[in-house]
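Please read these notes with the model open beside you.

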Amino acid sequence: MFVYPWKGIIANIPTTLQDGKHVGESGRKLREDLAKKGFNPLKVQPLWNRHGHSGYAIVEFNKEWDGFNNAIMFEKSFELDHYGKKDYYSSRRKKDKLYAWVAREDDYYSGGLIGEYLRRNGDLKTVSSKEAEDLRKTSKLLTTLNNTLETKNQRLQEMQNKFNEVSSSMSTLMWQKDDMIRAYNEECKKMQENAHNHFKQISLEHERNAKCILDQKRELEQREKELLQREAQNENETKKLQHEKMMNERAALEQKKADETMFKLAEEHKRDKEKLHREIIKLEKQLDTRQGLELEIQRLRGALLVMEHMNGDGDADTKKRMGVIQDELKEKEEELEDLEDLNQALIIKERKSNDELQDARKELITAFKDVSTRAHIGVKKMGEVDIRPFLVAAKRKYSAKEADVKSAELCSLWQDYLRDPSWHPFKILTDKEGNCKEILDEEDEKLVELKTELGDEAYDAVTTALKQMNEYNPSGRYIVPELWNFNEGRKATLTEVVQHLLNKWKLHKRRR
């Protein structure tokens, strides 16, 4: 019986004593050496105890049969050089060479670090049980795929039938829409032509009247001259001339009034024409809205027809429920219009308020940049790696003189990893309701190596900065300043920041 997933054991790893702790080769170095030999390990996990490196390491291979083949080749390679399991346990004086073998049942139930790790991270399986399990999984997968394919084909046929019905209905409705638009345009054109002809007729009549009055005025002026030359004419003719002159003046006054009336009529006609144009635009918008609603209603009617077709003749209750659905649909359409208007107004107001809040936060962040993090309210750099855990880890592995430099180098290295857009150690989980959630991939190779080599504190510092950067700036991957409540460890509200500033101002005022 083998330990599954397939694992190998490396023993007799050379270690050195530094600062009271045993230190040996890292898992990455061992994995690279084995990969060069063609064994393709997934990773190498050194085993640590309270004294440091134990001299043992676990090699993890792929779960499939190629991984089992690599594990057997790995074991045979060491056995051919007389560095296998039997050689390790039979040799009293072990050379400075690595011993290795494939983990089996006796290793699984052994005491110490090896047995504890194998029982925690694996299980026992025979080759035949693995083959039977793969066969069961393959058969189950084929059955599931066949059922899914059959269901998808049925669903596709139903959707095709629905699509054909709705397409036919939409074509009919589009023809009706074109006819309505054509009739409406013709009616508008006729109205404009009638208005133009009416205005032209009024203008021509006005010109004829003005010309006639002008001719009469010239004629009267000529007669007046003749009458003046014949001063000896009798009084009756003079009175008659004065009467005609007065009548002419009255006619001129009436013509002037007629001209003013004509201009007023022209202005009113212009205003009526503009009003008619606005009404035409309004009617066109109402027509577009009506056509959109009719298209939506027609689509829903098509859906109801599909429902009726799928339900067959149905009973009275089904028809009654469909009638209720139609009534509710009409009410929802009316409510939707009101909600869209209200929603648009609220969106505009919300955007304006949000822009003002964002501008205020930017100004406050600029003002708080130089404030110490010991204060209650300040600016925190989201996505910046904390160097303190790296300093603690460096002091465990290096001397006191080297610890400061090494911690700065490690911190800078991981900050560069966070800025790299190609490294995204997150995975997507979908719950039963279909909601997707992005969580940290704790099995990422870099993070596992970080936790193994530098400990939990450095791992927590990097993952915290990584989550902050993924939340605040996932695309740019650079540090973002944010107003922060350090006492409660969360993002500070504008109310808290303003209250903090007022308290500072009052304190400063009392001191003065």
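**Notes on the model**

1. Asn12 sits in the loop that links β2 to β3 (15-18); strands here are DSSP runs of E of at least two residues and helices are runs of H or I of at least four, numbered from the N terminus. Although Asn12 is not a glycine, its phi is positive, at about 65°.

2. On the source: this is a predicted model, in which local features need pLDDT of at least 70 and side-chain atom pairs count only at pLDDT 80 or more, while totals for chains, interfaces and linings use all residues. Residues are numbered from 1 along each chain as its sequence is written, and side-chain values use heavy atoms, with hydrogens and water left out.

3. The peptide bond between Tyr4 and Pro5 is cis, with omega at about -5°. Pro5 belongs to the loop between β1 (2-4) and β2 (7-11).

4. Helix α10 (residues 400-419) packs with helix α12 (residues 456-472) at about 30°, and the axes are 10 Å apart. Axes are lines fitted to C-alpha atoms, for helices over the stretch in contact, and angles run from 0 to 180 degrees between N-to-C directions. α10 and α12 are therefore roughly parallel (angles under 35 degrees count as roughly parallel, over 145 as roughly antiparallel, 65 to 115 as roughly perpendicular and the rest as oblique). On the α10 side, Trp414, Gln415 and Leu418 meet Val462, Ala465, Leu466 and Met469 of α12; contact means heavy atoms within 4.5 Å. Six residues of this contact are nonpolar, one is polar and none is charged (Ala, Val, Leu, Ile, Met, Phe, Trp, Tyr, Cys and Pro count as nonpolar, Asp, Glu, Lys and Arg as charged, and the others, Gly among them, as polar).

5. Helix α9 (residues 388-397) and helix α11 (residues 445-454) cross at roughly 55°, their axes coming within 10 Å. This pair, α9 and α11, is therefore oblique. From α9 the contact takes Phe390, Ala393, Arg396 and Lys397, and from α11 Leu450, Glu453 and Leu454. By class, the contact of α9 with α11 has four nonpolar, no polar and three charged residues.

6. Which element gives the most to the lining of the second largest pocket? The answer is α12, with four residues. The lining divides into five nonpolar, three polar and five charged residues.
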